[in-house]
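Please examine the fold presented here, beginning with a pair of helices and moving on to the sheet. The paragraphs that follow are meant to be read with the structure in view.

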Amino acid sequence: MNIPFSPPYINDDVIDEVVDSLKSGWITTGAKVKALEAEIQQFSKAKEVLCVNSWTSGAIMMLRWLGVQDGDEVIVPAYTYSATALAVIHAGAKPVMVDVGEDFNISVNAIKEAITSKTKAILPVDFAGFPCDYEEIMQLVTSSEIQSLFVATSGVQEKLGRILVINDAAHSLGAFYKKNIRTGSETDIAIFSLHAVKNVTTAEGGAICLNLPAPFDNNELYTTLRQMSLNCQTKDAFSKSKAGGWRYDIVGLGMKINMADVNAAMGLAQMRQYPDLLIERKRVFNLYNEAFC
């Protein structure tokens, strides 16, 4: 028997959405990206969602936004895909690997033991889509004991006043952390992967979910990060294509990691069907669980 490894879910609805993008004459960042962001935001209940070209580039950008620098530390689990640690390295910081627990997710006790005055962020991973204990992790970083160790070295860090928690939710789109709380809304930042082997795919892609506490304005941050994902130019290509919209400025050191409409079209069609697909996934999971447990 030939059982293919995680084939992408491509049906006529997905094909039609992609064809619609191609026929529109607009294939880079535009209306379909915005529509996909809205679908994921509504589904996950995150405050804002920004789509980019991969989980990895999204994580690098968020760590650069945080202002990590040489000598800063970011805690990651030792059991994860290479991108978790590579994102930290590419952002200019040092990944500090700690052990996982019996559920294969990062150990909160191990996190606590690894925190130093150099720790700027924690990147827990939802292994196989199973959420970490984020209530305990958030309680840890907001405790007076751990906050007293925190030393801010950037304006963003000073504004937050504590260690940032970024959920590596690459595999957990659609998972519930607790009853009525989906992944994407339970930490400061969560990043989904929309890679070809994920439940929802844009061929290549990622979705950054923003849930920063006050005094941060997540809507304002979305605008800042969208610019940052487009080389920090003040207008995207869609805006520049409008009458009189040719003029723009470069306002910082950005990255070129935006998602294109032709990619977003795939994910958009899939997200509209995803709640029903999750029911089938649960049925199959229960079948395996009953057969092998």
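Helix 1 and helix 11 cross in the right-handed sense; a crossing is called left-handed if the near helix is turned anticlockwise from the far one by less than a right angle, and right-handed if clockwise. The model is predicted, so that local features need pLDDT of at least 70 and side-chain atom pairs count only at pLDDT 80 or more, while totals for chains, interfaces and linings use all residues. Residues are numbered from 1 along each chain as its sequence is written, and side-chain values use heavy atoms, with hydrogens and water left out. Helices (H or I, at least four residues) and strands (E, at least two) are DSSP runs, numbered from the N terminus.

The axes of helix 1 and helix 11 (residues 261-292) come within 8 Å and cross at roughly 150°. Such axes are lines fitted to C-alpha atoms, for helices over the stretch in contact, and angles run from 0 to 180 degrees between N-to-C directions. On the side of helix 1, the residues that meet helix 11 are Asp13, Val14, Glu17, Val18, Ser21 and Leu22; their counterparts in helix 11 include Asp261, Val262, Ala265 and Met266. Contact here means heavy atoms within 4.5 Å. By class, this contact of helix 1 with helix 11 has 8 nonpolar, 3 polar and 4 charged residues, where Ala, Val, Leu, Ile, Met, Phe, Trp, Tyr, Cys and Pro count as nonpolar, Asp, Glu, Lys and Arg as charged, and the others, Gly among them, as polar. Leu22 belongs to helix 1 (residues 12-24), and touches Ile27 and Val262 when residues up to four places away in sequence are not counted.

Buried means under 20% relative accessible area, exposed over 50%, and partly exposed in between (1.4 Å probe, protein chains only).

What of strand 8 (residues 189-193): how many of its residues are buried? The count is 5 of 5. Ile189, Ile191 and Ser193 point one way, whereas Ala190 and Phe192 point the other way. Strand 8 runs parallel to strand 5, joined by 3 bridges, and antiparallel to strand 9 (residues 206-210), joined by 5 bridges. Ile191 is the bridge partner of Asp168 and stands opposite Ile208 in strand 9.

Finally, helix 6 (residues 134-141) has Tyr134, Ile137, Met138, Leu140 and Val141 as its buried residues. Seen down the axis of helix 6, these fall within an arc of 155°, so they line one face of the helix; the arc is that of the directions from the helix axis to the C-beta atoms.

How values were computed
Two strands pair if DSSP finds at least two bridges between them.
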